[in-house]
Amino acid sequence: MSLNLVKALKLHNEKIWDIDCYKGLLATASTDRRIKIVNIGDIGDGLVSDDGRLLDELDDSSHKKTVRSVAWRPHSTILAAGSFDSTVSIWAKDENDGDADGDGGVDDPSSFSMELLAVIEGHENEVKSVAWSKDGYFLATCSRDKSVWIWESDEMGEEYECISVLQEHSQDVKHVVWHPFKDILASSSYDDTIRIWKEYDDDWEAAAVLKGHEGTVWGSDFEKNVNTDIVRLCSGSDDTTVKIWRCVSNESIEEDWICEATLPNVHGKPVYSVSWSEDGLIASAGSDGMLVIYKENKDNVWEVVAKHEHSHSIYEINVVKWIKLNNGKSYLATAGDDGYVNIWAYN
Amino acid sequence: MSALLREEDLNDFITPEVACIKPVSSKPSNGVDGELSVGKEPEKVEISLADCLACVGCITSSEEILLSRQNQDVFVKEWNEKKTEGYILSVSIAPQCRVSLSQYFGMGVLKFDQMFIRYLQEVWGARYVVGIQEGREESIKLMNEVADKGERKICSACPGFLMYCEKKQQDLLPLLIDVKSPMEITGHLLKDGNKEKMYHLSIMPCFDKKLESMRPESIGLVDCVITPKELVNLITPEQVDKYFATTKETIGMLEWEDAIQRVTPKWMNIDTSFKTNEGSSSGGFAWQYILHRRFQMSDNDNDNAYKIETVRGRNLDVTEFRLIDEEGKILVRSTQVFGFRNIQNLRRLVKDVKPRKLKRFIRKRPTANGNDNSISLSSSINNQDNNNTKVEEPVDFCKSDFLEVMACPRGCIAGGGNLKNGIKNGPDQDSDPNQDLNTVYMTSIPMTSIEPRHNLTLPSSQENVIVGVISHDLDDSNTIIKLQEEQKYGNKYKRKLYNPSSISETHNGDSKNTIEQPVQFTTW
Amino acid sequence: MSEYINENPEVLDDTQLPTRKDEDNELLFNTTGSNSYLDRKKMLLRMDNSSQSQVLQNIDLLDKLFALHHHDTPDLTEDDESIESFDDEDFDQIDAQEIYDLIAHISDPEHPLTLGQLAIVNIDDIEVIDNGNRDEISEVIVRITPTITHCSLATLIGLGIRVRLERALPPRFRINIILKKGTHQSENQVNKQLNDKERVAAACENDQLLGVVSTMLGTCK
């Protein structure tokens, strides 16, 4: 099993903190406050000449500080971006764009542009992460102010109403992620815990608190299991480990979760990001610049199946995500402090 | 002291604050504005929590210190001192606290009142014990009039919300109704009408009321605020047995009125003191406003030309009352908004937003449980039940003519200082304790109607009120009332709203201790 | 503790601080620019060496200004890593003395003395793991000793040191700043905050904090 670099895209002169890819459109979040939209849909084949075309660079005056997180809304070309300036901006592809046949793809790259739809305020200080729920109904945001907010929007993505403010973490909340098929949210925090949130009655409530990490939890990701009776989560932490959690009972509003496994410790430094693919592979990356892939064997034991050192030369990797490109295949995308986004193929 | 404020208790809407996130920008203490004030030895503070809405992060360390200066121990110490100096003790108690405490002791509200009065008289030597209804009525009447003018429409009686606006949402300040809260006006009523030296203790459902009592425009009105949680700490087990023992007998109205008789000041209204008005358990401001507007249309209660409709908002904490004419046109909207998550959406009032589109994102919502006591009110309600096929216009804060905003979800009954469970009955898994308390509030406290006022116009320039202008028609009672109103609003009962730049002036009252930063290290 | 190590620090004179004979290379380690660029920078700094120097306070800006000369907006679809001209030397190993020289002259936020003089930083408390190979990750561990155990400025001092080192050291270095064991009440909490990359990055975008840090770094040579 090998891990190969397919493409290295130098997109920024400063750190790239986050990326998100949807239907071949890659969005970046960087210290330089410029959000870049790049068409990488056809990169996989390596043959098309105008791959990695920059489509748009969003106005860098819309955020006064680092853009920390970006997320595409499912089934749309609406993008949410969270910034250290405590706001979240919402962008949508301009009406008169190059998508003549309306298939979501980009026909005429030169006329692609995104316009600013809304700026959401509310958090006290830096917004660390933004995430859309499975159908794009909810937008979750979290911040150093220790809270997780849930917003509801309209179809057009223009209006946002706060429907819940969740203040149970005792420290900075670093990351939020939704379950792929249910409306369940996981938040990871500097307080070393992960909290699971569900809607109940009139408001959102904490269903569980996952304790076990010995350092800040930087990120987590749900298993993409179609059988929604099984809910599992993987998490990466400052304590250099990656852990797997499983929900063992969810009769009532409160759920019981256990730490099912700690993956073989390969990283010697903080793990900043984890991602769980549709076919069950987990990828992790962090401060040591190493990209690692794990797989569960038939005895349900996790093994390292690939690793790549210095994936962004000597720089730290801030985010790793499994993505799908136009050829239908799965790739890994990483972004780091070197300002690069790297696309990897795992075979 | 801090044992009272445990994380588990205050879990629904506040966060414990270890170190203030904005120690420098919001509260310049001994440095020039904006300078990093480098700390000396930090002062030991007992409280580091506040069930304050503002504790999303912006309660400052100096406020933490102020909070620690009002608690049951401070009351005991101060009252023991004042007693020797010839002060008399007046105690006022909010109805939400009466409900909470009566449930805690496992008895009816009226019985609790009677026992409480006796306890205060015998243990503390209290001369006067009052409810806050008279103060609330004054507040409501003035608020209604200010709101009628159209500019200011958000009730500022909740100190948590008020402080949040002053610190985080200054653009909402011009919309706040600048009339003092029931607690403050009760302070006025007690002290202004009295020649003797008085120490006023107030029992309130939340900790923010302590900060409210220390606002510059209200210094001295209330000497100490304590919450039911602190109060029960003050009552010894022997006192519980002696004064708050549950007995089977309930108490009759006559006995109750008799108890109140002895402790109500002569210059205050004994009829209303321990009653409450219709509306939410937070004071019913929104409901009273719609009643006021309805009365303006027609003073005949049975006039069917005008109906009041109750509409539920996006969640249990948003409720709107609408005055509808015969054709079904909405004339007036008065909205109840509780909880931080809903307060967020008040931004719409001052932001440039496109008008709310009716076509909302359709999604299935889990249904709320059936009983909805929070909006069940007596008389004159035309309820829209769930089976109604009429499509309602959704609640839109931008269209409201009056907004009652409370920081705590479910309102003051769920205040952080209120006790939720009785000592007799353990916590019941399925029931919402706040809902139960709400029911008790609505059903167990005698109601009074607020006398509607004839149309009085307040002076347009609120700063320059000429006090002492005598009208020649002295027997014209209307004019006298008008004069009195002008005086009250122009002077005493007006609330002052503070912008952050002037906040440094607010807490200079106590010059004994300089305000330090009790943080262990600078957090960024 | 009965007798705290650094409570009444014997203030060291500048001349008593450990130093290296060669002063030229002291603070000019950076990753961008060729030798000639480095020389120009050294010259500029020598010309304007006062602690009030705008130039010193805006080393970042300076870097950027110089960088403009060297490359345009980078191509976004480069296959090779876009390489900025580095130092010719492949191996420039950094030792504890160099780190010390970089940070000893940072001012304490409260007193008009430097961290070196107050013995908040000591050469013996600096650990460097580096073999000079710029393709490998290196590490620096700086242990600081605040003057009092409940020093509320420990995090600020740590932040100042971190900013200084991040600007001065090549990117291969992972910087760890921790409190010397037993020197602070909230040791673990302070350490956690100091080494949280995201919190540090956000702090550096806070104008107020940055102002304080700039003042602290103003006394660096």
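What percentage of the 221 residues in chain C do buried residues make up? Buried residues account for 34% of them, a residue being buried if 20 or more other C-beta atoms lie within 10 Å of its own, exposed if 12 or fewer do, and partly exposed in between, with C-beta atoms placed from the backbone.

This is a predicted model, in which local features need pLDDT of at least 70 and side-chain atom pairs count only at pLDDT 80 or more, while totals for chains, interfaces and linings use all residues. Residues are numbered from 1 along each chain as its sequence is written, and chains are lettered from A and ligands numbered from 1 in the order in which they are written.

## Chain C

The secondary structure of chain C consists of eight helices and three strands; helices (H or I, at least four residues) and strands (E, at least two) are DSSP runs, numbered from the N terminus. Along the sequence, the pattern of chain C is α-α-α-α-β-β-α-β-α-α-α. Of the contacts in chain C with a separation of 6 or more, 72% are between residues 24 or more positions apart, where two residues are in contact if their C-beta atoms, placed from the backbone, lie within 7 Å.

An unreviewed UniProt entry places the feature "domain: MIP18 family-like" at residues 97–171 of chain C. UniProt positions are given in the numbering used here, feature names are shortened, and annotations may be inferred rather than shown by experiment. The span of residues 97–171 of chain C is 29% helix and 21% strand, and its end C-alpha atoms lie 19 Å apart.

## Chain B

The UniProt annotation "binding site" covers B:Cys158, B:Cys206, B:Cys408 and B:Cys412. These residues are spread over 255 residues of sequence, yet they cluster in space, with a largest C-alpha distance of 9.8 Å.

B:Cys158 is placed in the loop between H5 and helix H6 (159–168) of chain B. B:Cys158 counts as buried because 28 other C-beta atoms lie within 10 Å. Leaving aside neighbours within four places in sequence, B:Cys158 is in contact with B:Val405, B:Met406 and B:Ala407.

B:Cys412 is found in the loop between strand E10 (402–406) and helix H14 (433–444) of chain B. B:Cys412 is also buried, with 26 other C-beta atoms within 10 Å. Not counting residues up to four places away in sequence, B:Cys412 touches B:Gln96, B:Pro205, B:Ser281, B:Ser282 and B:Met406.

Helix H5 (residues 133–148) of chain B packs against helix H12 (residues 285–297) of chain B at an angle of about 65°, with the axes 10 Å apart. Axes are lines fitted to C-alpha atoms, for helices over the stretch in contact, and angles run from 0 to 180 degrees between N-to-C directions. In this contact, B:Ile140, B:Met143, B:Asn144 and B:Ala147 of H5(B) meet B:Phe285, B:Gln288, B:Tyr289 and B:His292 of H12(B). The contact residues of H5(B) and H12(B) divide into five nonpolar, three polar and no charged; Ala, Val, Leu, Ile, Met, Phe, Trp, Tyr, Cys and Pro count as nonpolar, Asp, Glu, Lys and Arg as charged, and the others, Gly among them, as polar.

## Chain A

Four strands of chain A form an open sheet in the order E22-E23-E24-E25, with antiparallel pairing. Two strands pair if DSSP finds at least two bridges between them. The edge strands, each pairing on one side only, are strand E22 (271–276) and strand E25 (302–308) of chain A. From one strand to the next, the twist averages 20°. A:Lys295 has A:Glu303 in E25(A) as its bridge partner.

Strand E28 (residues 330–336) of chain A is largely enclosed by the rest of the structure, because six of its seven residues are buried. A:Val320 has A:Thr334 in E28(A) as its bridge partner, and A:Ala333 stands opposite A:Ile343 in E29(A). In the hairpin of E27(A) and E28(A), which has five residues between the strands, A:Gly328 takes a positive phi near 80°. The hairpin of E28(A) and E29(A) has three residues between the strands, and there A:Gly339 takes a positive phi near 85°.

| Strand pair | Bridges |
|---|---|
| E24(A) (residues 291–296) and E25(A) | Six bridges |
| E27(A) (residues 317–324) and E28(A) | Seven bridges |
| E28(A) and E29(A) (residues 340–346) | Four bridges |

A:Lys93 lies in strand E8 (residues 88–93) of chain A. With 22 C-beta neighbours inside 10 Å, A:Lys93 counts as buried. Residues up to four places away in sequence aside, A:Lys93 touches A:Thr77 and A:Met114.
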